[in-house]
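Please look over the sequence and the fold shown here. Then follow the walk through it below.

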Amino acid sequence: MFLHSSIQLILLALTHVAYSISLKGQIVELNGISFYLPPKVLGTFGFNDNPVVAKLTEPLYPITFIDTAGGNSSLDAIVAGYQSLDDVFNIGFLQVIFHNGHSNDGIQDFQTAKSKYGVEAILPYPVDASNPPLPPGPYFWSPASGIINAAYRLYPDEQGAFTQGLIPSGNGAYDVIPAAVPGAGSMTIGVPSRLYSTKDPAKPLAGVRLGVKDIFDVAGIKSSGGNRAYYQLSPPANETAPAIQKLIDAGAVLIGKMKTSQFANGEWATADWVDYHAPFNPRGDGYQDPGSSSSGPAAGVASYDWLDLAVGTDTGGSIRVPAGVNGVYGIRPSHDSALLKGIIPLSPEMDTVGMEYSSDCVMLLNSL
């Protein structure tokens, strides 16, 4: 009797196997450009019995929120401004326009632009206390559910500068971006719209895209230190290194971790780079040595106009050498100018936290 009951319990347990499903977002293509839609819902725009919305029968639409309440700019001027500042926005996002304008001239301006930009619908931005206003810029919207998702443009890491593309997962932690675009052996990196960020005294780096050398802790992410075995054996970090967190608190947008030679020691391409291939230096014929341990950050900012700033470390030249050979600016600050906590050490007495950036970053900071 006891044995029979035990068998029944085992069979019952086997028929109730627990499982967990986690949505990881989706990839869409707009005007030939790939975008990633994170699973996090930014808000909902629902319209009951609206005849304009009723004509929108596709499951997903690219939309743009345009803030016209505080200015007198025409739609053409606003679109031109978006295009000059942001690489995520393109004309396709004008398929549906949400606006908070109130003047008749502004509304008329939208209507006359319909044929020029292929606008299908122009709608007022819903006022809802439960949904904080979104920043201006491009998004994706489902008319059926009302759900709004952010738009991340996907880029291939053709120069091999990154180890992981990152995306916020909530509560200050990050996740590896689960997306891929065509590219032979290329990592995929996602970048959010620059229009989502507004510079103010508390956030002077708002919208600046940041990559970090893969020896810095990032909450929720494993570090490789340039070594495959170390990556497999090390757990995800519980918190982000203070040197990186300060930049994030100032508004910088972390988009990925970047290659380093093993444990930030000196290596020559490609004789010494064994666990991971050395990044490609974009200078000369594209096959010059990229430097040493901070070569991922240097090659990245030298190659990509969608990456503004990269943080590395310098012990005996690990920022200065890659910056020089890749043709970018490199800063090796004084010792103790930034905390070394949450960083894989090479020589704690000599390690410093520094940055690599291009002249484009200087112009971006001045324009924000």
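The paragraphs below go from the whole chain to its strands, helices, cores and surface.

This is a predicted model, in which local features need pLDDT of at least 70, side-chain atom pairs count only at pLDDT 80 or more, and totals for chains, interfaces and linings use all residues. Residues are numbered from 1 along each chain as its sequence is written, and side-chain values use heavy atoms, with hydrogens and water left out.

Start with the overall make-up. The protein has ten helices and 17 strands. Helices (H or I, at least four residues) and strands (E, at least two) are DSSP runs, numbered from the N terminus. Of the 368 residues, 48% are buried. Buried means under 20% relative accessible area, exposed means over 50%, and partly exposed lies in between, with a 1.4 Å probe and protein chains only. Contacts come next; a contact means heavy atoms within 4.5 Å. Among contacts with a separation of 6 or more, 73% join residues 24 or more positions apart. The protein exposes about 18200 Å², and carbon and sulfur atoms supply 56% of that area. Accessible areas come from the Shrake-Rupley method with a 1.4 Å probe; for residues, only the protein chains shown count as cover.

Now the strands. Strands of a sheet pair through backbone hydrogen bonds, either parallel or antiparallel. Here, two strands pair if DSSP finds at least two bridges between them. Six strands form an open sheet with mixed pairing, in the order S3-S8-S7-S4-S5-S6. Its edge strands are S3 (43-44) and S6 (121-124), and each pairs on one side only. Within this sheet, S4 (residues 61-66) and S7 (residues 137-141) pair in the antiparallel sense over five bridges. Pro-62 has Phe-140 in S7 as its bridge partner.

Other strands pair too. Six bridges join S9 (residues 152-157) to S12, and the two run antiparallel. Tyr-155 has Ile-189 in S12 as its bridge partner. Strand S12 (residues 187-192) is mostly covered, with five of its six residues buried. Strand S10 has two partners to follow. S10 and S14 pair in the antiparallel sense over three bridges, and Gly-165 stands opposite Gly-256 in S14. Four bridges join S10 to S11, again antiparallel. There, Leu-166 has Val-176 in S11 as its bridge partner.

What is the phi of Asn-171 in the hairpin of S10 and S11? This hairpin has two residues between the strands, and Asn-171 takes a positive phi near 60 degrees. Asn-171 lies in the loop between S10 (162-170) and S11 (173-176). It counts as exposed because its relative accessible area is 88%. Most residues other than glycine have a negative phi, and most peptide bonds are trans. Asn-31 also has a positive phi, near 50 degrees. It lies in the loop between S1 and S2 (33-37), and is exposed at a relative accessible area of 57%. A cis peptide bond joins Ala-269 and Thr-270, with omega about -10 degrees. Thr-270 is found in the loop between S14 and H8.

H8 (residues 295-303) is mostly covered: eight of its nine residues are buried. Among them are Ser-295, Gly-296, Pro-297 and Val-301. The buried residues of H8 pack against S13 (209-213), S14 (253-258), S15 (309-314), H9 (320-326) and S17 (352-357).

Next, the interior. A nonpolar core is a set of buried Ala, Val, Leu, Ile, Met, Phe, Trp, Tyr and Cys residues joined through side-chain atoms within 4.5 Å. The largest such core has 62 residues, and those with the most contacts inside it are Val-96, Phe-98, Trp-141, Phe-162 and Trp-306. A second, separate core of 26 residues includes Val-208, Val-218, Ala-241 and Ile-248. Leaving aside neighbours within four places in sequence, Trp-306 is in contact with residues including Asp-87, Tyr-155, Phe-162, Ile-189 and Arg-209.

Finally, the outside. Leu-233 lies in helix H6 (residues 228-233). Its relative accessibility is 75%, so Leu-233 counts as exposed. Leu-23 is found in the loop between H1 (2-14) and S1 (26-30). Leu-23 counts as exposed because its relative accessibility is 69%.
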